[in-house]
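Dear colleague,

I am handing over the structure below, and after it you will find my notes on what turned up in it. Please keep the structure open beside the text as you read.

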Amino acid sequence: SFVASQQLERGGHLPGGRSALEKSHKGQYSTRKHKLPLLSAKNYDAFLSSPEVATQIVVVCCFASWSPAAVQAQKRMEDIYGALRGVRDPTGKLTPVDTLPFRLVHFDMSAGRFLTERHNIHTVPMYLMYLAG
């Protein structure tokens with residue numbers, strides 16, 4: 001229970017909160033970043049309907065280089081993709097990305113208006129999910 005007489009340290013951070021976690025883990029990440037496979041307007045529909053992704057959830061990450069929020073989101077997704085590529089099975093072998101239940105791909109919204117017109121997207125980052133095309 002919270003005791004009214006307790007006060008936070010100057011700066012307003014709770015002990016063990018986000019600020020403490022950031023300080024204790026700064027620079028200790030071992031995940032290697034990997035670029036997400038780039039999906040273009042030309043191969044968009046063909047990729048989503050291809051047999052190689054028929055059993056996977058496809059997450060299309062819509063980013064644009066002109067948006068600072070999208071650039072930061074792209075960096076985070078590259079961290080996640082790098083961590084997924086580093087997952088090992090019980091025998092110690094790296095798990096192939098195509099055996100995971102989902103697939104991450106990148107679509108560059110700066111390249112044209114394809115998804116803007118198809119899905120009425122006006123904000124990035126945006127994440128589209130498809131199952132079986």
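In these notes, helices (H or I, at least four residues) and strands (E, at least two) are DSSP runs, numbered from the N terminus. With that numbering, Ile57 has its place in strand 2. Please bear in mind from the start that this is a predicted model.

To begin with the overall picture, the chain has four helices and four strands, and when it is read along the sequence they follow the pattern α-β-α-β-α-β-α-β. Of the 133 residues in the chain, 30% are buried. Among the contacts with a separation of 6 or more, 74% are between residues 24 or more positions apart. The chain exposes about 9,500 Å², and carbon and sulfur atoms supply 56% of that area.

The confidence of the prediction deserves a careful look before any detail. The average pLDDT of the chain is 79, and 76% of the residues score at least 70. Among the elements, strand 2 has the highest mean pLDDT, at 95, whereas helix 1 (residues 18–25) has the lowest, at 47. Over residues 1–22 the pLDDT is below 50, and this stretch has three contacts in the model beyond near neighbours in sequence.

Next come the aromatic rings. A search of the whole structure finds five aromatic pairs. One of them is formed by Tyr44 and Phe114, whose ring centres are 5.3 Å apart and whose planes stand at 70 degrees; because planes over 60 degrees apart count as edge-to-face, the pair belongs to that class. This pair links distant parts of the chain, since Tyr44 is in helix 2 (residues 44–48) and Phe114 is in helix 4 (residues 114–119), 70 residues apart. Tyr44 counts as buried, with a relative accessibility of 0%, while Phe114 is partly exposed at 23%.

Another of the pairs joins Phe63 and Tyr127, with ring centres 6.1 Å apart and planes at 85 degrees, so this pair is edge-to-face as well. Phe63 lies in strand 2 (residues 57–63) and Tyr127 in strand 4 (residues 126–131), so the pair ties together parts that are 64 residues apart in sequence. Phe63 counts as buried at 1% relative accessibility, whereas Tyr127 counts as partly exposed at 35%. Ring pairs also link Tyr44, Phe107, Phe114 and Tyr130 into a cluster.

Arg118 lies in helix 4 and Asp45 in helix 2, so the pair ties together parts that are 73 residues apart in sequence. Arg118 is partly exposed, with a relative accessible area of 39%, and Asp45 is also partly exposed, at 41%.

Arg103 forms a salt bridge with Glu52, in which the closest N and O atoms are 3.3 Å apart. Since Arg103 lies in strand 3 (residues 102–108) and Glu52 in the loop between helix 2 and strand 2, the pair ties together parts that are 51 residues apart in sequence. Arg103 is buried, with a relative accessible area of 11%.

Arg76 forms a salt bridge with Asp79, where the closest N and O atoms are 3.8 Å apart. Being three residues apart in helix 3 (residues 68–85), Arg76 and Asp79 are separated by about one helical turn. Arg76 is partly exposed at 48%, and Asp79 is partly exposed at 23%.

Two points about the backbone remain. Most residues other than glycine have a negative phi, and most peptide bonds are trans. Asn120, although it is not a glycine, has a positive phi of about 60 degrees, and the peptide bond from Val124 to Pro125 is cis, with omega near 0 degrees. Asn120 is found in the loop between helix 4 and strand 4, and Pro125 has its place in the loop between helix 4 and strand 4. With 57% relative accessibility, Asn120 counts as exposed.

With best wishes

Terms used
Residues numbered from 1 in each chain as written. Predicted model: local features only at pLDDT ≥ 70, side-chain atom pairs only at ≥ 80, totals over all residues. Heavy atoms only, no water. Phe/Tyr/Trp six-rings, centres within 6.5 Å; stacked < 30°, edge-to-face > 60°. Buried < 20%, exposed > 50% of the residue type's maximum accessible area, 1.4 Å probe, protein only. pLDDT = per-residue confidence, 0-100. Contact = heavy atoms within 4.5 Å. Areas by Shrake-Rupley, 256 points an atom, 1.4 Å probe, with all protein chains shown as cover. Salt bridge = Lys/Arg side-chain N within 4 Å of Asp/Glu carboxyl O.
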